[in-house]
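User: Hello! I am new to this structure and would like to learn how to read it. Could you guide me through some features?

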Amino acid sequence: MNQGTGFKQKVLQFMQGRYGVDQLSNFLIGLAVFVALVGMIVRVPVINIFCWVLIIIGYMRIFSKNISKRYAENQKFLDKTFGIRNAFAKVKYRMKYGKQTSEPFYIYKCKKCGQKIRIPKGKGKIMITCPKCKFQFKKYSR
Ligand SMILES: [Zn+2]
């Protein structure tokens, strides 16, 4: 017990003034794990070296005392990967909530002229006015 807290104290002391974990380091270490898994299948010695390089860079960033520089690196990484991360976030959202809620609109057809009308979800009972022929009809939007 005492030893445990002592160790924790030491870790906290060691981490003081150091940068810590961020998305870029997480990515580098995650990529290292992925590369290691690939290395188990492909068995090319270079892959293991690449894996270690990723881990070393990742941990050098975490333990770095140049906080502003590491922060700038992470921001650059977040900027460049915005599109990819956004796409992943969308997939995650869709997996969590299903396809229905990820599409916040219903498509209705006007009963009179067949015009397609986009209605936002979650509005309850609403009157829809067709933008083309001005025909009005009631719908329930859940
Ligand atoms: Zn219409």
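Analyst: Gladly! Let's begin with strands: they are DSSP runs of E with at least two residues, while helices are runs of H or I with at least four, all numbered from the N terminus. Two strands pair if DSSP finds at least two bridges between them. This is a predicted model, where local features need pLDDT of at least 70, side-chain atom pairs count only at pLDDT 80 or more, and totals for chains, interfaces and linings use all residues. Residues are numbered from 1 along each chain as its sequence is written, and side-chain values use heavy atoms, leaving out hydrogens and water.

User: Which residue in S2 is the bridge partner of Phe105?

Analyst: Phe105 has Pro120 as its bridge partner in S2. Strand S1 (residues 105-109) pairs with S2 in the antiparallel sense, over 5 bridges. The two form a hairpin with 6 residues between them, and Gly114 in the turn has a positive phi of about 85°.

User: Which residues of S2 are on the covered face, and which on the uncovered one?

Analyst: In a regular strand, side chains alternate between the two faces of the sheet. In strand S2 (residues 116-120), Ile117 and Ile119 form the covered face, whereas Lys116, Arg118 and Pro120 lie on the uncovered one.

User: What coordinates the zinc ion?

Analyst: Donors are N, O and S atoms within 2.8 Å of the metal (3.2 Å for Na, K and Ca); water is not among the atoms, so sites may look incomplete. Here the SG atoms of Cys110, Cys113, Cys130 and Cys133 coordinate the zinc ion at 2.3 Å. Along the chain, these donors follow the spacing C-x2-C-x16-C-x2-C.

User: Why is the arrangement tetrahedral?

Analyst: Four donors count as tetrahedral if all angles lie between 85 and 135 degrees. The 4 donor atoms around the zinc ion subtend angles of 107 to 111°, so the arrangement is tetrahedral.

User: Is Cys130 buried or exposed?

Analyst: Buried means under 20% relative accessible area, exposed over 50%, and partly exposed in between (1.4 Å probe, protein chains only). Cys130 has 1%, so Cys130 is buried. Cys133, at 28%, counts as partly exposed.

User: What makes up the largest nonpolar core?

Analyst: A nonpolar core is a set of buried Ala, Val, Leu, Ile, Met, Phe, Trp, Tyr and Cys residues joined through side-chain atoms within 4.5 Å. The largest has 9 residues: Leu24, Leu28, Ala32, Val35, Ile47, Cys51, Leu54, Phe77 and Leu78. Helices H2 (23-42), H3 (45-62) and H4 (67-80) each supply at least two residues of this core, and H2 gives the most, with 4 residues. A second, separate core of 7 residues includes Cys110, Ile117, Ile119 and Ile128.

Notes. Four donors count as tetrahedral if all angles lie between 85 and 135 degrees; four count as square planar and six as octahedral if opposite donors are over 155 degrees apart and all others between 65 and 115; anything else is irregular.
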